[in-house]
Amino acid sequence: MDGFYRLKLTTLLMVWAIFFGDALAQSKNELATNGLAVNEPLTIKKDKPVWMLTYFRQRYPTRIEIDAKGNTVEVPLPDPMLINKLHIALSTDGRHWTPLNDNKPVWDQHVRDPYVRRGPDGLWRILSTGGGRGNDREKVGPSCLYITSKDLIHWQVEGPLPLMKDVRNESGALAGNIWAPEWFYDEKTGEYVLFWSSSFKDAGWKESRLWSCRTRDWKTFTPAKVFFNPPYSAIDGTLLEHKGTYYLFHKEEEFGAKTGERRAIRVATSKNLDGPYSLVEGDLNKGQIVPVITEGPTVIKDPVKPGWLLLYDYCMTNRFGASYSPDLRHWTVVEDVSFPSEARHGCVSQLTAEEAQTLLKTYSAKN
C-alpha cells in the first residue's frame, strides 16, 4: 500500500474512531441521565465496603389521575411489565450500579418493595408487600411477608404477618392494604419497630397513614398504631437516625385537579423514634425534597464524600434517581447516575468486599 492510500485509510480510521467514540459517549451520557445502567465493570477492592441495592422490577400499566369532579381516571402507559421478585445490584459509589444475574431475579419467590437489612444478630430480614396468602384475609385483613437469610443466598420464608388484624375503622371494616413494610431496630429498648402504610379506602393510596408495631422475637407483635399522620395521604416510609434525630422520609401521595401534582418525597424529623414527627419544609414544590413523580425512598451516607444520598424511583417514567445532601434537609439531584432498568422501590445496605465478591460469583453464574 503506497503512502497516499495509507494516509487516507489512517485518516478514515481516525474519523470513525472519533465519530463512534463520541456517539458511544453520548449514548452513555443519555443513559446515565435517564438513570439506566450502562454496564460499567464493577471493581471491588479488598477491605473496601460495597453497597447492595435490592429491588423488584416494574413498568406501571397506567397513571392514575383525579379530575375536577373527583373522578378517578386511569391513563394507559406503554409496554407494562411486572416482576415481583428479588433483584440485587452492587455499587462502590452509590451512583453507578451493576445488576447481578443479568438483571434477572436472584430468587423465584414473590417479593415486592423488598426491605432488606441486616439485624444486630447478623441475620438478614426482609419485609415484602403482599405474598401473605396463608392467612384468612376476611378475618385478619391484609398481610405482608417476612423472610430471613444468613447469607443473601439461602432464603427462608418465615410466613405472612397480619399486622393490622386488631384494627378496625369507625364502621368496623379492616384495612385494605399493608404497603412497603420496613423495620428499624431500637437500640434503646432492644425491639424491632415495624412500620408500613395502610388505608381503609377503596384504594391504598387514598387517605393513607403510616402505622407501626413492635416485636422482640418476630412472633408476637404489639397492636398496630398510627405512626405518622400528616395533613396528606402518606406511603413509603423509611427511617434514618443521625445524632439523636430520627428522619422519616416518605412519599406525599396527593395529586389531581384540586391539589396539583404532589406525588414526591418529603421528610419529617423527631427526637423520639415513636414521634411525633414534624415536617421539614423542603425546597421543591411547597415542601418536597425531590422532583415529582417519585416514590420508594432509601437513604445512606454518601460513599464518596461527606453527606448523604437519597435514592428513589420515578415510578411513572421507569427510571431511578438520586439526590445529595450535606445536612439531610437540603437536597440537589445527582445527574451522573446509572441504575438497573425498571428497578423499583430499592433498599440499600452495606456489605464487606468479601460478601460482595461471594454474591457476584454466585449470581453471575446463574442463567
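Student: What should I know before we start?
Tutor: The model is predicted, so local features need pLDDT of at least 70 and side-chain atom pairs count only at pLDDT 80 or more, while totals for chains, interfaces and linings use all residues. Residues are numbered from 1 along each chain as its sequence is written, and side-chain values use heavy atoms, with hydrogens and water left out.

Student: How do you know that β8 and β9 pair?
Tutor: Strands are DSSP runs of E with at least two residues, and helices are runs of H or I with at least four, numbered from the N terminus. Two strands pair if DSSP finds at least two bridges between them. Strand β8 (residues 144-149) and β9 have six bridges, in the antiparallel sense. T148 stands opposite Q156 in β9.

Student: What makes β6 and β9 edge strands?
Tutor: Four strands form an open sheet in the order β6-β7-β8-β9, with antiparallel pairing. β6 (115-118) and β9 (155-161) each have a single partner strand, so one side of each is left without a neighbour in the sheet.

Student: What joins β2 to β3?
Tutor: Five bridges join β2 (residues 62-66) to β3 (residues 72-76), and the two strands run antiparallel. E65 stands opposite V73 in β3. The two strands form a hairpin with five residues between them. In the turn, G70 has a positive phi of about 90 degrees.

Student: Why is C213 called buried?
Tutor: Buried means under 20% relative accessible area, exposed means over 50%, and partly exposed lies in between (1.4 Å probe, protein chains only). C213 has 3% relative accessibility, so C213 counts as buried. C315 is at 0%, so C315 counts as buried too.

Student: Why is the pair of W183 and Y192 called edge-to-face?
Tutor: Rings of Phe, Tyr and Trp (its six-membered ring) pair if their centres lie within 6.5 Å. Planes under 30 degrees apart count as stacked, over 60 as edge-to-face, and the rest as tilted. The structure holds 18 aromatic pairs. For W183 and Y192 the centres are 5.5 Å apart and the planes stand at 75 degrees, so the pair is edge-to-face. W183 and Y192 are both buried.

Student: What makes F184 and Y246 edge-to-face?
Tutor: Their centres lie 6.1 Å apart and their planes stand at 75 degrees, so the pair is edge-to-face. The pair links distant parts of the chain, with F184 in strand β10 (residues 179-186) and Y246 in strand β15 (residues 245-252), 62 residues apart. F184 has a relative accessible area of 15%, so F184 is buried. Y246 has 7%, so Y246 is buried.

Student: What makes R263 count as sitting over the ring of F255?
Tutor: A charge sits over a ring if NZ of Lys or CZ of Arg is within 6 Å of the ring centre and within 35 degrees of the ring normal. The charged end of R263 is 3.9 Å from the centre of the F255 ring. K305 lies over the face of Y324, at 4.1 Å from the ring centre.

Student: Why is the contact of R118 and E355 called a salt bridge?
Tutor: A salt bridge is a side-chain nitrogen of Lys or Arg within 4 Å of a carboxyl oxygen of Asp or Glu. R118 and E355 meet at 2.6 Å, N to O, in a salt bridge. R118 lies in strand β6 and E355 in helix α3 (residues 353-364), so the pair ties together parts that are 237 residues apart in sequence.

Student: Why is E207 called exposed?
Tutor: E207 has a relative accessible area of 54%, so E207 is exposed. K201 is at 43%, so K201 counts as partly exposed. The two form a salt bridge, with the closest N and O atoms 3.8 Å apart.
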